[in-house]
Amino acid sequence: MKVTIKGYTGVAVWKWVANDDTCGICRMPFDSCCNDCKYPGDDCPLVWGQCSHCFHMHCIMKWVNGHQKSNQSCPMCRQAWKIKEK
Amino acid sequence: MESANLLRLIPTFLLNNFKDDLNDRILLSLTSDLDVLIESIDTNNSFKVLTLNESNQCGNDSTLSNEHDHDQFLVEISTRLYHIFIKYFTELKKHFNRIEKFNSKCAQSINLSDLVSYQRSILTEKLHHPHYELLVFLFKKVFDYYQTISQDFQHQTIADFANLRLNHGLIDNFLNIINILFDLGLFDHLCGDVVVGVVEHKIKLHIESTSMENYEESFIDSFKDWLDRIIIGWIRLIYSCQSNLEHLGDYKKQLMHFMYTNYAQCRIKRLFEIVIDFPDSKNAVQDLRQCLVKTNLRSHLVRSLRLSIEERLLHPGVNTSDIITAYVSAIKALMFLDPTGVMMENVCEPLKKYLRNRDDTVKCIVSNLTDDSESSNDLMEEFCKDLYSYEGNMDVIDSNTADCAVLGSKNKCWRVWQPEPVDSPPDSTPDSSKANIISMLVNIYGSKDMFVNEYKSLLGDRLLSSYSFNMEKEIRNLELLKLKFGEQNLFACEAMLKDISESKRINANILEQLKQHGVSKMSDLVVNASNLKCLILSEQFWPKLKEEKIDLPSELEQVQARFMKSYEAFKGNRTLVWKNSLGLVKIEVEIGRQIFEFEVSPIHVAVIMQFQQKETWVVSELAQELKMCSFVLKKKILFWKAQGLLKQVSNASQDDVPNEVYTLVKDSSKLNKNKNLVEIEEEQEKTQKVSDVLKENEINLYWNFTQSMLRSGGCLPLERIHAWLKLYANPDLTIEQVKFLVDLKTKDQLLKYNAGLYRLNK
């Protein structure tokens, strides 16, 4: 007997590669979206700070915009918030 | 003193005298003559058979071979009866006359008119049951005869009746008999009941024979006409020799009411069928509506319909979807019958309660709502209609059923306002939701959430079992549901659909990429884009997907790894986690020289591929090899066994699954080509995939816990059992798994489920 695979329809779930499961700001899972969004993933991406903490982009933007320019720090570690460029 | 005594004695004396006279001379011979007549009919043509016949069928005597013979026979009977009556009743008349003469001669103090009526009552008393039966028989027969001859023309005037008598001997005899009775003032005594009885009997028969099985036509008008023409004509005929026809109007009213009552009862008897047939049986319901206004049968209707619904619908033998269909048509029919909705609420109360207890109700309703491939179009239509009305397009709603409610909500019908019917429950609210079938269905549970959740899992099942990217229908359904339930509740479903369309885009992209780079290294599987695709889901938004850890064949793993790599490159910082219990693999199996194609889950492929290297496996060994549980593996093996690719070798006892041995079938001729079986198997797979199934050893473990829990706790709700089990046995246990366990045990009659509580069945 010989079995040959002719086609494959797979099912998979996607995950963010991050060092945490939930966003520290909105407390939603990263794989879900922030409170203002409808769809996860591309519509509600993550951003990594230089301190290596990551959040929903929308969440951290809200946080950052709510503070004075001089006082823009990561809510987790209080280091200055700088987006890590890749 | 003496004269007073004498005066007191005279009536007694007279009474006795006249009474004896009547007894001996007239009544005895009258009854005996009638007996002779009945006997002669009995021997001649079996009177009993005729009367029996009469009650069974309606009017048409098929037993008598010849219509003419029958008429002749009737004429003969009526003539003989006439002669008997003439003979005795003329004597009776003389007798009465004598009394009256005596009365007039007598002094004023003694009034003998009472005596006459007394004598009359003696006469009625003397006649036995068979004699009355003879009269009833005669009336019925003559009525039938009359009905047949009056088909073509109206008999309204005295001249018409005279004409009738001239042409029909039977009628003539009959009227003569009646005349004599009228003459003696005996008609009401002897025949009053008979006339009413026969007429009512005939109305009943007529209604039943014409309308019982036919729900599609309206009969009220034809019945009215029939009553007017035949019955009233007949009563006119009977009373034609009397000048006083005043009471005919009362008679008519009474009979009309009798007809309405009877017709309504006839309809109510079959109301269940009528309700089930509803849009087709609209006329019947319309009739019933008219009748209900004139009769007092509302509570009877509600009671009887509830009873028949309970008897015929609310038992385990009926499919939930059938009950829902019945519920929907009951709502429609009863809203038509009673636009205030009170009757519908009263009738449907037990239905609603019962549906609440069935666990697949929500599923059925949701799938009915959204699946228009089957015969459930009805509900779908209703749903769309409902939405149109939601948008303010009132024309779509049947004006008859909903106008009052709709108008009521717009506060326009205060002029035509009617109070709620008396039988309305005290807590009912006259709102427009009554007219809305979908709301009625949704309100079985009282909340939208259950519906939304159920729809979500249904949608998930459907998307994951079709593996197609074609979702126009689903999108349309979702849009409809969004209008109904609000957008917020259905975000997750929207995200699910978006995942699928996104997957399509990503697939195309990745395949393009794969084609460009390193195609040569990949197996030919990847080259052909139509043969590889992947659904990439956002896990948080889907119903819980079942995990089954297995090691896939290396070919598939390679493909997955490759695909994943491309994905990771395509979407930065994201990766894929494969769900190997889901998905579909297309394989070709070559046995001997024949090739068979299958489309199965990856697990099945993993199983069958193991047999490629080694033809005989012990279940436990194979389980170890594939890193899965023997019991789960057994199910997969059984699938291939059903296909004819594998067969069992050892005859291990049934419980000893790990030690069963299976081997490859080499003879391709034995292969099962029955496609149906494959589908059945696959269907079972599908349902197991999503439902949470416990393994057997787990079941025993948890069952022991549950038993002792219930022994000390009496009865517990599912949530409590779950919480306890989580605490003591396994913190990862899901509530679905516990539900599976208790359901299983309830099925085995070890548990009893009542009002949300489980208890041990002792």
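**View 1. Strands β5, β7 and β6 of chain B form an open, antiparallel sheet of 3 strands, in the order β5-β7-β6.** Helices (H or I, at least four residues) and strands (E, at least two) are DSSP runs numbered from the N terminus, and two strands pair if DSSP finds at least two bridges between them. This is a predicted model, in which local features need pLDDT of at least 70 and side-chain atom pairs count only at pLDDT 80 or more, while totals for chains, interfaces and linings use all residues. Residues are numbered from 1 along each chain as its sequence is written, with chains lettered from A and ligands numbered from 1 in the order in which they are written. At the edges of the sheet stand β5 and β6 (646–648) of chain B, each with a single partner strand, so one side of each has no neighbour in the sheet. From one strand to the next, the twist averages 25°; axes here are lines fitted to C-alpha atoms, for helices over the stretch in contact, and angles run from 0 to 180 degrees between N-to-C directions. Look for the 3 bridges that join β6(B) to β7(B) (residues 661–664), two strands that run antiparallel. Here L646(B) has L664(B) in β7(B) as its bridge partner. Across β6 and β7 of chain B lies α27(B), running at about 110° to β6(B).

**View 2. Helix α26 of chain B (residues 619–626) has V619(B), L622(B), A623(B) and L626(B) as its buried residues.** Down the axis of α26(B), these buried residues fall within an arc of 105°, so they line one face of the helix. The arc is that of the directions from the helix axis to the C-beta atoms. A residue is buried if 20 or more other C-beta atoms lie within 10 Å of its own, exposed if 12 or fewer, and partly exposed in between, with C-beta atoms placed from the backbone. The packing partners of the buried residues of α26(B) are α25, β5 (616–618) and α27 (630–643) of chain B.

**View 3. An open sheet in chain B has 3 strands with antiparallel pairing, ordered β8-β10-β9.** Its edges are β8 (715–717) and β9 (751–754) of chain B, each with a single partner strand, so one side of each is left without a neighbour in the sheet. Neighbouring strands of this sheet are turned by 30° against each other on average, direction ignored. Antiparallel pairing over 4 bridges links β9(B) with β10(B) (residues 757–760), and L751(B) has L760(B) in β10(B) as its bridge partner. Helix α30(B) (residues 718–728) lies across β8 and β10 of chain B, at about 90° to β8(B).

**View 4. Where the two chains meet, 43 residues of chain B are in contact with 25 residues of chain A.** Two residues are in contact if their C-beta atoms, placed from the backbone, lie within 7 Å. On the side of chain B that touches chain A, at least two residues each come from α22 (491–516), β1 (532–537), α24 (554–570), β2 (574–578), β3 (584–591) and α25 (602–613) of chain B. The largest share, 8 residues, belongs to β3(B). By type, this side of chain B holds 25 nonpolar, 8 polar and 10 charged residues; Ala, Val, Leu, Ile, Met, Phe, Trp, Tyr, Cys and Pro count as nonpolar, Asp, Glu, Lys and Arg as charged, and the others, Gly among them, as polar. Strand β1(A) (residues 2–16) pairs with β3(B) in the antiparallel sense over 7 bridges, and I587(B) in β3(B) is the bridge partner of I5(A).
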